[in-house]
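Have a look at the structure first, then read on.

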Amino acid sequence: KKESITNHKGTGRPRKTYTADDRRILSIIKKNPQTPVRQIRNTLRESGMDLSMATVCRRLHEQKYRGCTARCKPLISRKNRMTRLQFAKKYLKEQLHFRKNAFWKDETKINISE
């Protein structure tokens, strides 16, 4: 009997899902990216696939889907609100040529996904 270093076919635990099942999980998450893993698991369970939440998470991680939460933005304080309003009222009555010569800058961060 010769010992070889190559990997033997069939070593390790077999996968619980097939490629079609993985595509189904992906289609669910693509329809609504905020879908919780528990809801995906329950949807699959209704169709006869009994998967754990960890398995669903692993399949999503394999496809580069990671869980994340939205960034918390602070609310505008009362003082800041009043300052903004005074600024807007001050420049509201300026003539059109003043607004055309003003330098406008939008610092809104926008992520464009592919």
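## Helices α1 and α2

In this predicted model, helix α1 (residues 19-31) packs against α2 at an angle of about 130°, and their axes are 11 Å apart. Angles from 65 to 115 degrees count as roughly perpendicular and those over 145 as roughly antiparallel, so α1 and α2 are oblique to each other. Their crossing is right-handed.

Which residues make this contact? From α1 come Arg24, Ile25, Ile28 and Ile29, which meet Ile40, Thr43 and Leu44 in α2. By class, the residues of this contact are 5 nonpolar, 1 polar and 1 charged.

## Helices α2 and α3

Next comes the pairing of α2 (residues 37-46) with α3 (residues 53-62), where the axes lie 9 Å apart and the angle is about 105°. The two helices are therefore roughly perpendicular to each other.

On the α2 side, the contact is made by Val37, Arg38, Ile40, Arg41 and Leu44, and they meet Met53, Val56, Cys57 and Leu60 in α3. Here the residues divide into 7 nonpolar and 2 charged, with no polar ones.

## The largest pocket

How much space lies in the largest pocket? The volume is about 380 Å³. Its lining has 15 residues, and the closest to the pocket centre are Pro33, Gln34, Arg66, Gly67 and Cys68.

Helix α3 supplies the largest share of the lining, with 3 residues. Sorted by class, the lining has 9 nonpolar, 5 polar and 1 charged residues.

Methods: Residues numbered from 1 in each chain as written. Predicted model: local features only at pLDDT ≥ 70, side-chain atom pairs only at ≥ 80, totals over all residues. Heavy atoms only, no water. Axes fitted to C-alpha atoms, helices over the stretch in contact; angles between N-to-C directions. Helix = DSSP H or I, 4+ residues; strand = E, 2+ residues; numbered from the N terminus. Parallel < 35°, antiparallel > 145°, perpendicular 65-115°, else oblique. Contact = heavy atoms within 4.5 Å. Nonpolar A, V, L, I, M, F, W, Y, C, P; charged D, E, K, R; others polar. 1 Å grid on protein atoms, 1.4 Å probe; cavity = no way out; pocket = protein on both sides within 12 Å on 5 of 7 lines; lining within 4 Å. Points joined across faces, edges and corners; volume = space filled by probe spheres on them. Left-handed = near helix turned anticlockwise from the far one by under 90°.
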